[in-house]
Amino acid sequence: MKKQVLSCIQPTGEMHLGNYFGAVKNYVDLQSEYNCIYGVVDYHAMTMPYDAKKLRLNTWDLIISLMAVGVKPENLFIQSLIPEHTELGWIFGCMASYGEMTRMTQFKDKSLKVKEESKDSFISAGLFTYPVLQAADILIYKADYVPVGKDQTQHLELSRNIAQRFNSQFKTEYFVLPEILYTETPKIASTADPTRKMSKSAGEKHWIGVFADEKRMTKQIKSAVTDAGDMPFNQETGKREMSAGVTNLLQLLKACGKAKEHDEIVDLYHEGSLRYGDLKGIVAEAIVEMTTPFRERKAELLADKKAVKNQIKASSAEIRKTAQQTLREVKEITGLLNVKA
Ligand code: AMP
Ligand code: TRP
């Protein structure tokens, strides 16, 4: 039997190349080998200050973007269409310890961000308990593998702990302990400042949208920070070291499926004959080439939004059946009542 893969992504705005190469490309590729379910987690997006209208728009935009890059609609769900996630989240909240929750580094980072950015510094309890809901997202489908970035390691550890605690408290083997699947490109850097990761929170020039227009994309790559050609030689290898900016551009090229070009350019670099202007041109071309079909597909999907909405409501209803079954069984095990249908 095929193993179960699950991952989720928050609808917090446009998809960028960091999200695509760090997470979403993997979602697409895994579909040929595993049973896959991918969620757009709108309940999670409520944990930080947000705008109600934008949340709904972002949710559909992310669904359409995921479909445009190749995620199959039947594998997609919207979290708020499956309320069993929050119900299981409550049960798990009673199985995670307060001490464990206070050790979550993402809570510390995000609450600091709220304090810095908003006047009233309101930090919700939802932000604090968010990893418990994440555990419910994963365990409700008995996921074997969860493709995520390195920043999610601690949350996955919590999911495993909750599963294990549940199993031992109720003397059962009910929950599967999920494992992380890391991607080949866990970190894409900002082209404007290659010392930091590509991210929307850093500002406009620090991220390149997957669906951005060709000209803007090309301009952003052409103005990427590289170095002045004065990198030192490595004593051990005798080769010239590579700056973070050049490394990032080469990583992008390889991620676009241009491994051969990547290797040739690395050779040119070590011969000392690589012109950075040429490198940027090749990378920009590769990114435009890779994303053009995505832009076209997105435009088609946007032209019939109604069809997309119906498709995703149907897929969510189908996926919900598994969640409902799990919840019925969990209620049996934990001493809660089930209303017979
Ligand atoms: P976020 O929008 O930060 O919540 O990220 C959504 C997904 O994209 C997560 O799985 C992240 O690990 C991944 N991701 C975000 N930014 C990057 C980046 N610059 N490089 C690689 N992966 C990223
Ligand atoms: N916490 C994840 C993030 O910030 C999103 C997420 C929510 C998730 N539930 C999940 C990821 C379940 C994997 C599995 O990116």
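How many nonpolar, polar and charged residues does the shell around ligand 2 have? By class, that shell has 7 nonpolar, 5 polar and 1 charged residues. Ala, Val, Leu, Ile, Met, Phe, Trp, Tyr, Cys and Pro count as nonpolar; Asp, Glu, Lys and Arg count as charged; the others, Gly among them, are polar.

This is a predicted model, in which local features need pLDDT of at least 70, side-chain atom pairs count only at pLDDT 80 or more, and totals for chains, interfaces and linings use all residues. Residues are numbered from 1 along each chain as its sequence is written, chains are lettered from A and ligands numbered from 1 in the order in which they are written, and side-chain values use heavy atoms, with hydrogens and water left out.

**Ligand 2**

- There are 13 residues around ligand 2, and Cys8, Tyr130, Gln134, Asp137 and Gln152 come nearest. A residue is near a molecule if one of its heavy atoms lies within 4 Å of it.
- The side chain of Tyr130 places an N or O atom 2.5 Å from a nitrogen atom of ligand 2. For the side chain of Gln134, the distance to a ligand nitrogen is 2.9 Å.
- An oxygen atom of ligand 2 lies 3.4 Å from an N or O atom in the side chain of Gln10. The cut-off for a polar contact is a pair of N or O atoms within 3.5 Å.
- Taken alone, ligand 2 exposes 370 Å², and the protein buries 90% of that. Accessible areas come from the Shrake-Rupley method with a 1.4 Å probe.
- β1 (4-9) and α7 (125-139) are the elements that give two or more residues to this shell. The largest share, 4 residues, comes from α7. Helices (H or I, at least four residues) and strands (E, at least two) are DSSP runs, numbered from the N terminus.

**Ligand 1**

- The residues around ligand 1 include His16, Asn19, Asp151, Lys187 and Lys197.
- Backbone atoms reach nitrogen atoms of ligand 1: a polar one of Gly18 at 3.1 Å, an N or O of Ile188 at 2.9 Å, and an N or O of Met198 at 2.9 Å.
- On its own, ligand 1 has 480 Å² of accessible area, of which the protein covers 81%.
- The shell around ligand 1 divides into 4 nonpolar, 5 polar and 3 charged residues.

**Cavity**

- The structure holds 1 cavity of 30 Å³ or more. On a 1 Å grid over the protein atoms alone, a cavity is a set of points where a 1.4 Å probe fits but cannot get out; lining residues have an atom within 4 Å of a point.
- About 50 Å³ of space lies in the largest cavity. Grid points are joined across faces, edges and corners, and a volume is the space filled by probe spheres set on the points.
- Tyr130 is one of the residues that line this cavity, as are Met104, Phe107 and His155. α6 (105-117) and α7 each give two or more residues to the lining.
- The cavity lining has 5 nonpolar, 2 polar and 1 charged residues.

**Second largest pocket**

- The second largest pocket holds about 300 Å³ of space. A pocket is an open set of points with protein on both sides within 12 Å along at least five of seven lines.
- α1 (17-30) and α10 (244-255) each supply at least two lining residues. α1 gives the most, with 4 residues.
- Among the lining residues are Phe21, Lys25, Asp29, Tyr182, Glu184 and Lys254. By class, the lining divides into 3 nonpolar, 4 polar and 4 charged residues.

Definitions and conventions:
A polar contact is a pair of N or O atoms within 3.5 Å; within protein, one must be able to donate a hydrogen and the other to accept it, and residues adjacent in sequence count only if both atoms are side-chain atoms.
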